[in-house]
Amino acid sequence: MLTVKPIESKEEQKKFCELCGIDFCPDMFAYAARVSGEFIGMSQFNIENGTGYIKDLLLVPGKDDDEALFIMGRATMNFIDLCGIHKCRADRGAGKIMKLIGFREAEDGTLFCDMTGMFTSGCGGKH
């Protein structure tokens, strides 16, 4: 079973960053994806100046699970949205699934997603 939960300690976040081959960003939030308890990937993100920012959304090298990436990406976006932030940016290198979870290329070369209504229940949600 897939679970996506916040990484609670910076020591664990650092360890998971090393497993994924990415820079550890201690000032960022992070989520871990696990399948049957085994760590398979993570996201690192923050909120600044009224905008969410996803730096990383990826799996451990050698893992291949687009469904887990999609769910982890949407969980990350939902957290940002629940904080009252409805705009989100991501680096082009954040992860291969970014366009599938709702991001589009912005004029400045980054990826952008307007999450307004994305997580609204019922037929009013836009994604």
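Guide: A residue is called buried when its relative accessible area is under 20%, exposed when that value is over 50%, and partly exposed in between. On that scale Arg 89, at 30% relative accessibility, counts as partly exposed. Please keep in mind that this is a predicted model.

Visitor: OK, so which residue does Arg 89 form a salt bridge with?

Guide: Arg 89 pairs with Asp 108, and the closest N and O atoms of the two are 3.9 Å apart. Asp 108 sits in the loop between strand 6 (104–105) and strand 7 (111–114), while Arg 89 belongs to strand 5 (residues 87–90), so this pair ties together parts that are 19 residues apart in sequence.

Visitor: And is Asp 108 buried or exposed?

Guide: Asp 108 counts as exposed, with a relative accessibility of 51%.

Visitor: How many salt bridges does the structure hold?

Guide: There are five salt bridges in the structure. One of them joins the side chains of Glu 12 and Arg 34, with an N to O distance of 3.3 Å. Glu 12 itself is partly exposed, at a relative accessible area of 27%.

Visitor: What about Asp 56, which side chain does that one meet?

Guide: The side chain of Asp 56 meets that of Lys 55 in a salt bridge, at 3.1 Å from N to O. Asp 56 is buried, with a relative accessible area of 7%, and Lys 55 also counts as buried, at 18%.

Visitor: Where is Asp 81, and what does it touch?

Guide: Asp 81 is in helix 2 (residues 66–82). Leaving aside residues up to four places away in sequence, Asp 81 touches His 86, Met 115 and Phe 119. Asp 81 is buried yet has no salt bridge, and the nearest side chain of opposite charge, that of Lys 87, is 9.3 Å away.

Visitor: Changing topic, what pattern does the protein follow along the sequence?

Guide: Read along the sequence, the pattern is β-α-β-β-β-α-β-β-β, which comprises two helices and seven strands. The radius of gyration is 14 Å, close to the 14 Å that the globule rule gives for 127 residues, so the protein is as compact as a globular protein of that length.

Visitor: And what share of the residues is buried?

Guide: Of the 127 residues, 41% count as buried.

Terms used. Residues numbered from 1 in each chain as written. Predicted model: local features only at pLDDT ≥ 70, side-chain atom pairs only at ≥ 80, totals over all residues. Heavy atoms only, no water. Helix = DSSP H or I, 4+ residues; strand = E, 2+ residues; numbered from the N terminus. Buried < 20%, exposed > 50% of the residue type's maximum accessible area, 1.4 Å probe, protein only. Lys, Arg positive; Asp, Glu negative; His and termini not counted. Salt bridge = Lys/Arg side-chain N within 4 Å of Asp/Glu carboxyl O. Contact = heavy atoms within 4.5 Å. Rg over C-alpha atoms; globule rule 2.2 N^0.38 Å.
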